[in-house]
Amino acid sequence: MSPRFAATRLAMLVVTVLVSSLAIHGAMFLTPGDPATLLVGGSRNPDPAVLAQIHRAYHLDDPFLQGYWHWLGDCLRGDFGKSLVYRDSVADLIGDRAGTTLALVLYASVLVLAAGTVIGTVAALRGGRTETLATTVTAGAMAVPTFVMAVLLIWLFAVKLPWFPVYGSGEGFTGTLTHLTLPAAALAMTWIGYVAQVTRTAVRAEMRSEHVETARSRGVPERTVIRRHVLHNASGPVFAVSGVGIAGIIATAAVAEQAFGTGGLGALMIEAAAKQDMAVVQAVSLIFVVVFVLINTAVDLISTALDPRAAQKEAR
Amino acid sequence: MSTEPLLRIDALGIDLPLDGELRTVVHRVDLGIPEGAAVALVGESGSGKSLTARSVLGLLPPGARVHGEVLFAGESVPRMRPERLRAFRATDVAMVFQDPRAHINPARGIGDFLIEGLTTARGVPAAEASRKVTAILREVGIPDAERRMRQRPHELSGGLLQRVMIAAALAAEPRLLLADEPTTALDVTTQEEVMAIIGEARAARGLALLFITHDLELAAAVCDRVAVMYAGTTVEELPADRLRGRASHPYTRALLASRPSVSDIGAQLRSIPGRPLSGFEVPGGCAFGDRCPRARDLCRTDRPEPASVEDGTAACHFPHPLTLEETGRHA
Amino acid sequence: MTTAPLSGTTTGTGRTKAKRTRPRDRLTLGAGCVVGLFVLLAVLGPLLAPHDPNAVDPMNVYAGPSATHLLGTDDTGRDLLSRLIAGTRASLAAPAVVVAVSTVLGTLLALTAAWSGGWVDRLVSGALDIVFGFPGLILAVLVAAVFGAGLTAPIVALSIAYLPLITRVVRSAALRERNLPYVSALQLLGAPTARIWTRHLLPNLLPLVLVQATIGFGYALLDVAAISFLGLGSRPPDPEWGLMVSNGAPSILSGQPQQSLYAGLAILIVVVAFNLLGTGLSRRLLGDNA
C-alpha cells in the first residue's frame with residue numbers, strides 16, 4: 001500500500017467527520033422556530049430565561065460557523081452539554097450506556113465473523129446439498145429485516161422456548177451474555193448471511209483458480225492447499241465484507257436495542273429523538289458516525305495492505 | 001520403439017459433466033514418450049490437448065470419467081490411490097502451465113511458491129529447499145535469485161514469472177515435464193528464451209517432455225515426434241522431420257497450409273473451411289469429415305481407427321499416399 | 001442453487017442450461033405479479049378492506065382466524081387483514097417517494113458528473129463519498145429529532161442516503177456511454193447537449209436506472225418500516241407495517257405474536273419480490289447473468 005493511498009484515505013476520514021458533524025450541528029437550524037427549543041427537548045412553552053441561557057451555552061447567537069466550532073471543540077473535550085429532559089449531563093448519559101452498546105456490537109461482530117466464515121467455508125468445501133442448504137438459509141437470513149428478526153427471535157426463544165430474557169442488559173458477564181444473545185443474534189443475522197455468501201463465493205472461486213491447480217499438480221497435500229492457498233486467498237474479500245458488516249451493525253444497533261429494550265446508546269438516541277432532545281441526539285449520532293467512518297476507513301486500509309492485488313489495482 | 005516408453009497413453013477417452021450430463025470431450029488419444037524424448041501434442045483450442053496433459057497428472061475436474069489407459073513407467077495413473085497420486089505428482093511428473101500470472105498464487109511470495117513443492121509434498125527442510133531452488137533459478141537465467149525469492153508475483157514480468165514456474169517444476173527433479181502452451185501468454189522475444197531454457201534443462205537432465213501447443217512449426221522445431229489432435233482425437237502421430245510436406249492426414253496438411261511461413265513467403269495461405277469442432281460435438285464417422293477435401297461416403301459413416309503409415313500412425317480412411325519420389329528424397 | 005419453481009410443472013430434466021433459465025424467468029414473472037398485486041392494494045386498499053382498519057372492538061381482542069376476521073384481531077380488536085391491506089398504501093408510498101427523489105436527483109447528478117468530467121466529477125464523487133459515510137438510519141433519527149416523528153424524517157433522510165448508491169452506478173455507466181464514439185460524432189455534427197442527453201444518453205441509461213430503482217425500492221421499504229418500527233416514522237393509529245410490527249411486539253410476550261408476524265411477513269414478501277424482480281429485470285434488460 002502506498003503512503004499516498006493511506007494519506008488520501010485519512011484525509012477523506014477527516015473531511016467526512018467534519019462534514020458530518022457540520023450536518024449534525026446544522027440540522028437544528030432547519031427547524032422553523034428557535035433551535036433552542038430543540039435543545040430543551042422540544043417542549044412547547046419553555047421558560048424564556050432557560051432559552052436565553054441555552055443561547056449562551058450553545059453560542060446560538062454567534063455566526064453559524066463560530067457556534068459550530070465551539071460545539072465541536074466542546075465535543076472533542078468530552079463536553080456534550082446538558083440534557084434538560086434527562087436532567088443530566090449528556091456525557092454521563094452516554095457513559096452509562098456506552099458499555100452495553102459496545103458489548104452488543106462486539107458480541108454481534110463475533111457472531112458474524114465466526115458463523116459467517118464457518119458457514120461459508122463449509123458450504124464451499126462440502127458442496128452438494130450442504131451448499132444448497134447453506135445458500136438457501138443464508139439468503140433467507142439476509143432477506144429478513146433486523147426488526148422483524150428481533151420479534152421473531154423474541155417469540156421463538158423467549159416465549160415459545162423460554163431460554164433467553166428479553167429486557168435489560170443483565171448483570172455480570174454471564175448475565176450480560178444471556179441478555180445480549182438475542183439482540184446480538186438479531187443484529188448479526190443479516191450480516192452472517194452476507195459474510196457467509198461472500199465467503200462461499202470467494203472460497204469457491206479460489207478452489208477453481210489456476211494457482212490451486214498448480215499446487216495440486218505438485219502433489220501438495222489437499223489440506224495444505226486449502227489452508228495455504230484457498231483460505232489464505234479468500235480471506236481478503238471476507239475481511240472486507242466483515243468490516244462492512246461490523247460498520248453496518250453499529251449503524252443498526254439502535255434497532256436491536258429498541259426492540260429488546262436493551263437500554264444502550266442507540267435506544268438513548270431514539271428516545272431522545274422522540275422527545276426532540278437535540279443535545280443528546282447530536283452527541284450520540286456524532287459518536288455513531290465517527291465510529292462508523294473510522295471502522296470503514298480501517299477496513300479499507302487494512303484490506304489494501306493485506307492484498308497485493310488491491311495494491312496493484314490502486315496503482316493503476 | 002521396442003522398449004516400453006516412459007509414458008504411454010492408450011486409447012484415452014475423457015467424459016466431462018457439462019450442464020449435468022456426461023459429454024465425451026476426448027475420444028481417443030494414443031501417444032508414447034520414451035525416456036528423455038520430446039513429443040509435441042498439437043491442436044486447435046478445444047481439441048482436448050490440455051485435458052490430455054492433465055490426465056497424465058490425474059488432474060481432471062471433479063466428475064470426469066476416464067477410459068483407456070495412461071501408463072507412467074508401466075503404472076496406471078487413473079488407477080492410482082489418492083496418496084500414491086500425490087507422491088507421483090510430487091516426484092515423477094511436473095507441469096509448466098500456460099499463464100504464470102494466474103498459475104502462481106498472487107498472494108504469496110516467489111520464494112514460497114518455489115519451495116512449496118519440496119517442503120509440503122516431500123518434507124525437505126525449508127533452508128535446504130531454498131538453497132536448491134536458488135541454484136535452479138540461476139540455471140534458468142535469474143541471476144539475482146535471492147532478491148527475486150523475496151518478491152511477490154506482481155512485481156515480476158511475465159517472462160520472469162514463467163522462468164520461476166519452470167524452476168519450480170525442475171526443483172521436483174521429475175522424469176517427465178508437461179508444458180501446456182508455456183509461451184502463449186508471453187511476447188515473442190520472451191517465447192524464444194523460455195523455449196531455450198526448457199531445451200537446456202532437458203539436455204542437462206535427460207528429461208522427457210510433453211509439449212502442448214497449437215503451433216505446428218514450433219512443435220516440429222522443439223520435439224522429436226509430433227501428435228496432431230482434432231476434436232478430441234489424435235488424428236496423426238509422426239516424426240517431426242516428416243511433418244513438412246509429407247504428413248499423411250488431410251487435417252495435418254490443412255493445418256500446415258493455413259500457417260504463414262517465413263521459408264515460404266508468397267505462398268497462398270489456405271484456411272480450412274468450416275469451424276473446428278469440440279470433442280462433444282463430433283457426429284458419427286470421421287470428426288474431420290465435414291471439412292475434409294478428401295472425404296467420401298465412408299468417412300461420414302465409419303470412424304477411422306489409427307493405422308500405421310510408414311513410421312507413424314494416421315487415423316484416416318484415405319491418407320495422403322507417400323510418393324516414391326518423396327520417400328526417396330526423405331531417405 | 002436453482003431457484004424454487006413456482007409451479008409443479010417442471011419436468012425431471014430441468015438441469016440443462018436452456019431449461020434452467022425458464023424457472024428463473026417464471027420467478028421474475030411471479031415476483032412481478034406479487035409487486036403488481038401490492039401496488040393494486042396500495043391504490044385500492046381502503047376499498048378492499050373487509051372492515052374499518054381502525055375500528056376497535058374491546059369484546060373481540062386477540063381473536064383467532066375466523067370467517068369474519070380471516071387473520072384474527074389485534075390487542076384492541078381491530079381486524080388484522082383490514083389493517084394489513086389498508087397499511088399497504090402507507091408502507092409503499094414513502095419508499096416510492098424516496099426512490100423517485102433519489103433516482104431522479106441521482107441520475108441528473110450522475111449525468112452532470114459524467115458529462116462535465118474534471119473537477120465537477122471529482123466534487124460530485126467526493127461529496128457522495130461523504131454522504132455514504134453517514135448511515136441512513138442515523139440521519140433519519142437526526143431529521144426526526146428536528147422535525148418530530150412522521151414520514152418526513154425517513155423520506156428526507158433516505159432520499160439523501162440513497163443518493164450515492166444510484167449515482168455511483170449510473171455515473172460509471174454514463175461515463176462509458178459518454179466515451180462512445182457516437183457521442184463525439186453527434187457533438188461534431190453540432191447536436192445540442194440537451195438533445196444528446198434526452199435523445200441518446202437518457203434512453204440508453206433508462207434500463208439501468210429502472211433496475212436500480214426496483215432493487216432500491218425493496219431496501220427503501222425495509223428502511224422506512226424500520227424507522228416506523230422505532231417510533232420515528234408513521235404515527236399511530238396508522239396501520240403502516242413497520243408500526244404494526246412494533247405495536248404487536250408487547251403482545252408477543254403474552255403469546256400473541258400474530259400482528260407482528262403478519263406485518264413482518266408482509267414486509268418480507270414485498271422486499272423479496274422487489275429484489276427478485278430487480279435482479280430478473282437486470283438479467284433481461286442488462287443481460288448480466290450474475
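This is a predicted model: local features need pLDDT of at least 70, side-chain atom pairs count only at pLDDT 80 or more; totals for chains, interfaces and linings use all residues.
Let me begin in chain C, with the loop that lies between α7 (193-229) and α8 (241-253), where we find Pro237(C). The peptide bond leading from Pro236(C) to Pro237(C) is cis, and its omega is near 5°. As background, most peptide bonds are trans, and most residues other than glycine have a negative phi.

That second point brings me to two residues in the other chains. In chain A, Gln276(A) sits in the loop between α11 (265-274) and α12 (278-306), and although this residue is not a glycine, its phi is positive, near 55°. In chain B, the loop between β7 (176-180) and α8 (188-205) holds Glu181(B), again not a glycine, with a positive phi of about 45°.

Are these two residues buried or exposed? Gln276(A) is buried, because 24 other C-beta atoms lie within 10 Å. Glu181(B) has 20 C-beta neighbours inside 10 Å and therefore also counts as buried, the cut-off being 20 or more.

Finally, I return to chain C for a pair of helices. Helix α2 (residues 80-116) of chain C packs against helix α5 (residues 152-178) of chain C at an angle of about 35°, and their axes are 6 Å apart. The crossing of α2(C) and α5(C) is right-handed, and the residues of their contact comprise 20 nonpolar, 6 polar and 2 charged.

Conventions:
Residues are numbered from 1 along each chain as its sequence is written. Chains are lettered from A and ligands numbered from 1 in the order in which they are written. Helices (H or I, at least four residues) and strands (E, at least two) are DSSP runs, numbered from the N terminus. A residue is buried if 20 or more other C-beta atoms lie within 10 Å of its own, exposed if 12 or fewer, and partly exposed in between; C-beta atoms are placed from the backbone. Axes are lines fitted to C-alpha atoms, for helices over the stretch in contact, and angles run from 0 to 180 degrees between N-to-C directions. A crossing is left-handed if the near helix is turned anticlockwise from the far one by less than a right angle, and right-handed if clockwise. Ala, Val, Leu, Ile, Met, Phe, Trp, Tyr, Cys and Pro count as nonpolar, Asp, Glu, Lys and Arg as charged, and the others, Gly among them, as polar.
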